[in-house]
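Here is my note on the structure you asked me to look over. Please keep the model open beside the text and find each element as it comes up.

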Amino acid sequence: MVTARDHINSNTVLLVLKKEDKKYTDEALSLLNVLNFENVTVHYVKKPNHRYYIQQDIVFRMRNGNRPKLIVIYDKLRPWQHYYLTKDLGVEIWDLIMLILKIFEIHAGTKEAKLQIELSRIKHQIPFVKEYIRMMKLGEQVGFMGPGVYGYESLLKTLKRKSVKISRELAKIKRRRELQVFSRSKKGFPHIAIIGYTCAGKTTLYNALTGDSKRIGPEPFKTLNPKSRLSNIACGDVIFTDTVGFIRKMPEEIIDVFHSVIAEMIYSDMLLIVVDISEDIDEILSKIDSVARIIDMFKINYIPSVIVFNKVDRLDEKDVDERIKIVVNYIKSLNKINVTDHVAVSALRKTNIDVLLKAICRNIDLTHTKILMRYS
Ligand SMILES: Nc1nc2c(ncn2[C@@H]2O[C@H](COP(=O)(O)OP(=O)(O)OP(=O)(O)O)[C@@H](O)[C@H]2O)c(=O)[nH]1
Ligand SMILES: [Mg+2]
């Protein structure tokens, strides 16, 4: 473990987790990586400090010495903790919700998803602004950072007005939306969404699948978000989409946003469900449960799904076979995912990518015809 005081400088992002949440470290680092933060120092706290979340002596040491450029608390933060950290350190502070909203923002392609994110950000911000006003009225100062009590009061009014406006707009959009609109709009090329938990290796797989492929004319890409790419594979042209990862430590307040961001991507002709087969078997099965729940929730059980068991390079061959057997049986017993195939790969080493492409081709011919028939 790296201690906070050793490695901090003005380029560092300080990532703070509770000791009991140590298992989420990789997940948190991977989210920061998506945002291109590479110089990250991890700090664990045994028990969150009431005033600062981080232990007081560490805060004081940072105040008197090197400060990071950003502190990310991988947990919910009380409004006054945000207030005191900002006031005493004068650096940007994000909590878990702010971090996840930033990630969603990158993946949000529809107006609905963007508005949902904006609404959640405002709703999340309001108690913080209220706390700032309360503290300032008690005579506290936010130092050079804040706009003063009147500034915060007018900000609060603006946020409340915006939140009402966005809620109305969202209600209208939701009424208009039909669930299958996403699929229909993508008619043309078979659309393959790569889904699964964060860190499972979706982006690595996306790169392995699309890396060598030639882009055929720029036109089709204009309507796609940057996470989708047209690829020419043995059986024809298909569009692969890399999606935002399911996050284990997902605060309830933003589950709606997650759904709106993932919805547009998930209505596809095929799902590649990426599973990190090198994890603890209990962990794998519990993640499979959540994937099945999400598939159930969106009522997309009809979409043919290829399970991609990734990171086989981390295991012995015998282990891989044993684990796959257990997981496949478990998935079948759930009866919620339309599994048409499974393939073991190493996306990183590009092992068995050809086998996966063949599996895709075997299933896509059938499925795309079906999808076209349904809407023609
Ligand atoms: N050993 C091994 N590591 C892999 C493999 N595939 C991916 N990884 C590693 O797993 C980590 C996460 O990979 P990503 O491709 O970013 O995972 P992701 O599912 O896109 O994660 P999010 O975008 O956060 O949802 C990276 O450190 C990869 O290098 C693999 O086949 N073998
Ligand atoms: Mg990714």
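The points below go from the whole chain to its sheets, its helices and a few single residues.

1. Basis. This is a predicted model, in which local features need pLDDT of at least 70 and side-chain atom pairs count only at pLDDT 80 or more, while totals for chains, interfaces and linings use all residues. Residues are numbered from 1 along each chain as its sequence is written, and chains are lettered from A and ligands numbered from 1 in the order in which they are written.

2. The chain as a whole. The chain has 13 helices and ten strands. Helices (H or I, at least four residues) and strands (E, at least two) are DSSP runs, numbered from the N terminus. Of its 376 residues, 36% count as buried. A residue is buried if 20 or more other C-beta atoms lie within 10 Å of its own, exposed if 12 or fewer, and partly exposed in between, with C-beta atoms placed from the backbone. Among contacts between residues at least 6 apart in sequence, 76% join residues at least 24 apart. Two residues are in contact if their C-beta atoms, placed from the backbone, lie within 7 Å.

3. The four-stranded sheet. In what order do the four strands of the open sheet lie? The order is β2-β1-β3-β4, and the pairing is parallel. Two strands pair if DSSP finds at least two bridges between them. The edge strands, each pairing on one side only, are β2 (40-45) and β4. From one strand to the next, the twist averages 20 degrees. Axes are lines fitted to C-alpha atoms, for helices over the stretch in contact, and angles run from 0 to 180 degrees between N-to-C directions.

4. Strand β3 (residues 70-73) runs parallel to β4 and is joined to it by four bridges. Val-72 has Trp-94 as its bridge partner in β4, and Ile-73 stands opposite Asp-95. In a regular strand the side chains alternate between the two faces of the sheet. In β4 (residues 92-95), Ile-93 and Asp-95 make up the covered face, and Glu-92 and Trp-94 the uncovered one. Helix α2 (residues 25-34) lies across β1 (13-18), β2 and β3, and runs at about 155 degrees to β1.

5. The six-stranded sheet. This open sheet has the order β6-β7-β5-β8-β9-β10, with mixed pairing. Its edge strands are β6 (228-233) and β10 (339-344). Neighbouring strands are turned by 25 degrees against each other on average, direction ignored. Strands β6 and β7 (residues 236-242) run antiparallel, joined by six bridges, and Asn-232 stands opposite Asp-237 in β7.

6. Strand β8. Is β8 mostly covered or uncovered? Six of its seven residues are buried, so β8 is mostly covered. Strand β8 pairs with β5 in the parallel sense over five bridges, and Gly-196 stands opposite Val-274 in β8. Six bridges join β8 to β9, and these two strands also run parallel. Asp-276 stands opposite Asn-310 in β9.

7. Helices on the six-stranded sheet. Helix α9 (residues 202-210) lies across β5 (191-196), β6, β7, β8 (270-276) and β9 (305-310), and runs at about 160 degrees to β7. Helix α12 (residues 317-334) packs on the sheet and touches β8, β9 and β10. The direction of α12 makes about 165 degrees with that of β10.

8. The pair α11 and α12. Helix α11 (residues 281-297) packs against α12 at an angle of about 30 degrees, with the axes 11 Å apart. The two helices are therefore roughly parallel to each other. Angles under 35 degrees count as roughly parallel, over 145 as roughly antiparallel, 65 to 115 as roughly perpendicular and the rest as oblique. On the α11 side, the residues that meet α12 are Ile-281, Ile-284, Leu-285, Ile-288 and Ala-292. On the α12 side they are Arg-323, Ile-326, Val-327, Tyr-330, Ile-331 and Leu-334. By class, the contact has ten nonpolar, no polar and one charged residues. Here Ala, Val, Leu, Ile, Met, Phe, Trp, Tyr, Cys and Pro count as nonpolar, Asp, Glu, Lys and Arg as charged, and the others, Gly among them, as polar.

9. Val-339. This residue is found in strand β10. Val-339 is partly exposed, with 16 other C-beta atoms within 10 Å. Leaving aside neighbours within four places in sequence, Val-339 is in contact with Ser-305, Ile-307 and Ile-331. Val-339 and Leu-271 are 68 residues apart in sequence and 9.3 Å apart in space, C-alpha to C-alpha.

10. Glu-118. This residue is found in helix α6 (residues 111-137). Why does Glu-118 count as partly exposed? Glu-118 has 19 other C-beta atoms within 10 Å. Glu-118 and Leu-101 are 17 residues apart in sequence and 8.7 Å apart in space, C-alpha to C-alpha.
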